[in-house]
Amino acid sequence: MTETLTDRPAKRGRLDYRFLISPQWLGGLVFCALVALACALLGQWQMDRRMETVAEINKVLSNYDEPVVPLAGNAGLFTDVRPEQEWTPVEMRGEYLEADTRIVRNRPLAGKPGYEVLVPFHADTGDVIVVNRGWLPIGDTTPGRPDVVPAPPAGEVSVVVRVKPGEPDLGRDAPEGQLASIDLAAFADSVGYPVADTAYGQLAEEFPAPAVALQQPPKPPLDEGPHLSYSLQWFTFGLMSFIVWGYLARQRAVNDRDDRELGLTEDDGYLSAHRAPRARPVKRRGGRPTDEEVEDAMLDAVDSRH
């Protein structure tokens, strides 16, 4: 069967994008760029948080369950600790200096407020290491203090602790016998003798066992959280701003082409709609138009289009 010219689809006109240089569309493009920049910064912030979390997870994976090392020959873990050595398990022998026990304030655990108990440990190597023996809930009898601070084992003790870097000074005051953070310099000032000043030990085991054990924190989580997905979402939002702008621009160009093909004209490069006048019924003075007058006005409008 021979195809005729009338069977072929009509060739559409080219799309005209000259309107994009107008202030309105250029302003929209600048706005999209600002939105994309903000989204990129937020996405990078989430990515940085993810990298910090991954670094902490790697420390746990590398050190937490590794074989115990003796304090002898490894005292530098507490006096010159490196970030990658956090959570290293260390065994020490010696005795607790119970009289110099200090309480650290505002230490929540599992969503509950409480305290952490710090006791200096005089090792048989001659080093004094601060040991975090565990957590206590807030007291019911004396405000601002735990009801009872269980004593550590007396005499010769063997302990296993995990290395934790000391904390910064928060610049807050605390009652006598208490600290605002595990600031080892502040701890040394409060007891009046030097202690290992860059890291402390988070208690893992004690032998002999104490009469009353303190609650220990759980193993650090290995979940990196939603930071990666949040980061990708922000980057996607930034890209979408340009996609929406481009989609709207194409729709405008398509609509302008359709208007031209319907017989509309251009005025200095921009489309102006010269459509037929709308039918307007003529009102009689002092009253509404009759049905015949409305009908005549509509026929006049139809005739004007032909």
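User: What makes up the lining of the second largest pocket, by class?

Analyst: By class, four nonpolar, two polar and four charged residues. Ala, Val, Leu, Ile, Met, Phe, Trp, Tyr, Cys and Pro count as nonpolar, Asp, Glu, Lys and Arg as charged, and the others, Gly among them, as polar. So Asp169 and Arg172, among the lining residues, go down as charged. A quick note: this is a predicted model, where local features need pLDDT of at least 70, side-chain atom pairs need 80 or more, and totals for chains, interfaces and linings use all residues. Residues are numbered from 1 along each chain as its sequence is written, and side-chain values use heavy atoms, without hydrogens or water.

User: Why is asparagine 132 called buried?

Analyst: Buried means under 20% relative accessible area (1.4 Å probe, protein chains only). Asparagine 132 has 1%, so it's buried. You'll find this residue in strand S5 (residues 128-137); a strand is a DSSP run of E with at least two residues, numbered from the N terminus.

User: How do you know that asparagine 132 is in contact with Tyr200?

Analyst: Contact means heavy atoms within 4.5 Å. Leaving aside neighbours within four places in sequence, the residues that pass for asparagine 132 include Tyr200, Gly201, Gln202 and Leu203.

User: What lies 3.1 Å from a polar atom of the side chain of asparagine 132?

Analyst: The backbone nitrogen of glycine 134.

User: Which strand gives the most to the lining of the largest pocket?

Analyst: That's S8, with four residues. Strand S8 covers 199-207.

Conventions
On a 1 Å grid over the protein atoms alone, a cavity is a set of points where a 1.4 Å probe fits but cannot get out, and a pocket is an open set with protein on both sides within 12 Å along at least five of seven lines; lining residues have an atom within 4 Å of a point. Buried means under 20% relative accessible area, exposed over 50%, partly exposed in between (1.4 Å probe, protein chains only). A polar contact is a pair of N or O atoms within 3.5 Å; within protein, one must be able to donate a hydrogen and the other to accept it, and residues adjacent in sequence count only if both atoms are side-chain atoms.
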